[in-house]
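Please keep the sequence and the 3D view open while reading them.

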Amino acid sequence: MARAGDDSKRRLTSNKKRKPSSASWLTRQLNDPYVKRAKADGYRSRAAYKLAELDEKFGLLKGVRRVVDLGIAPGGWSQVVRKRAPQAAIVGIDLLEVEPLDGVTIFQMDFMSDEAPRALRDALGGEPDLVLSDMAANTVGHKQTDHLRTMGLVEAGAWFAVENLAPGGAYVAKVLAGGTDNDLLSLLKQHFKTVKHAKPPASRKDSSEWYVIAQGFKGREGPE
Ligand SMILES: C[S@@+](CC[C@H](N)C(=O)[O-])C[C@H]1O[C@@H](n2cnc3c(N)ncnc32)[C@H](O)[C@@H]1O
């Protein structure tokens, strides 16, 4: 099989039988400049650049002290937070096991479980000023079901943010095309000063993912 590392366009050369979808995924990975960059920069995922680009556009990591990373595996986003905000405490959660990351507390747990919010809160030792969610539900191939399941995660992340953020804090989450549905949008608009959508350049054009960026948490004393 071809190995990543030089600049020429690569095709899979082995005779091993693959499903067409997995073969095209592999070919795309091998030719993806962000995958190559991630390797060179020591990031665990190309997703790291999505957060880095969102940070450049929205100033998300400036001065943050406590960060929650929902759907942390394999850890690219937390690596970016560590690099750009070395002073910040970081707590992450994922269904999958994650290799330990220096300075990051990691739970292998379902964020939708009853225990998760408390575990994250206790480990953080104070109110987060940034809640990140790159969670995506495993797709079943039925578009509407996939959309609903992922939006369920985004919504749960939004409630966690609203119930825990420090005033002035931010919530950033991956959403699917069609953006944020009306209920979620009105929840975010009620509790945050600005709510925007963005598709960072590192997000593949053919992917339906977008990000919602809610900044300026108004606090729990009663929204304006
Ligand atoms: C796109 S990946 C995250 C990539 C990560 N931001 C990075 O930079 O390495 C999405 C993750 O969400 C996780 N996830 C999905 N549903 C979850 C849930 N209910 N609780 C915790 N993690 C979940 C998946 O296991 C997956 O690892």
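**Notes on the structure**

1. Setting aside neighbours within four places in sequence, Leu 60 is in contact with Leu 54, Asp 55, Leu 130, Ala 170 and Val 172. Two residues count as in contact if their C-beta atoms, placed from the backbone, lie within 7 Å. This is a predicted model, in which local features need pLDDT of at least 70 and side-chain atom pairs count only at pLDDT 80 or more, while totals for chains, interfaces and linings use all residues. Residues are numbered from 1 along each chain as its sequence is written.

2. Leu 60 sits in the loop between helix H3 (48-58) and strand S1. Helices (H or I, at least four residues) and strands (E, at least two) are DSSP runs, numbered from the N terminus. Leu 60 is buried because 23 other C-beta atoms lie within 10 Å. The cut-offs are 20 or more other C-beta atoms within 10 Å of a residue's own for buried, 12 or fewer for exposed, and partly exposed in between, with C-beta atoms placed from the backbone. Between Leu 60 and Leu 132 there are 10.0 Å in space, C-alpha to C-alpha, although they are 72 residues apart in sequence.

3. Strand S5 (170-176) is mostly covered, with 7 of its 7 residues buried.

4. S4 and S5 pair in the parallel sense over 4 bridges; to pair, two strands need at least two bridges found by DSSP. Ser 133 has Ala 173 in S5 as its bridge partner.

5. UniProt, in an unreviewed entry, lists Lys 174 under "active site". UniProt positions are given in the numbering used here, feature names are shortened, and annotations may be inferred rather than shown by experiment. Lys 174 lies in S5 and is buried, since 23 other C-beta atoms are within 10 Å. Not counting residues up to four places away in sequence, Lys 174 touches Ser 133, Asp 134, Met 135, Ala 136, Glu 209 and Tyr 211.

6. The unreviewed UniProt entry also has a "binding site" annotation, which covers Gly 75, Trp 77, Asp 94, Asp 110 and Asp 134. Are Asp 94 and Asp 110 buried or exposed? Asp 94, in strand S2, is buried because 21 other C-beta atoms lie within 10 Å. Asp 110 is exposed because it has 12 within that distance; its place is in the loop between strand S3 (104-108) and helix H5. Leaving aside neighbours within four places in sequence, Asp 94 touches Gly 71, Ile 72, Ala 73 and Gln 108, and Asp 110 is in contact with Leu 95 and Ala 116.

7. There are 22 residues around the ligand, and Ala 47, Gly 71, Gly 76, Phe 111 and Asp 134 come nearest. A residue counts as near a molecule if its C-beta atom, placed from the backbone, lies within 6 Å of it. Helix H4 (76-84) and strand S2 (89-94) are the elements that give two or more residues to this shell.
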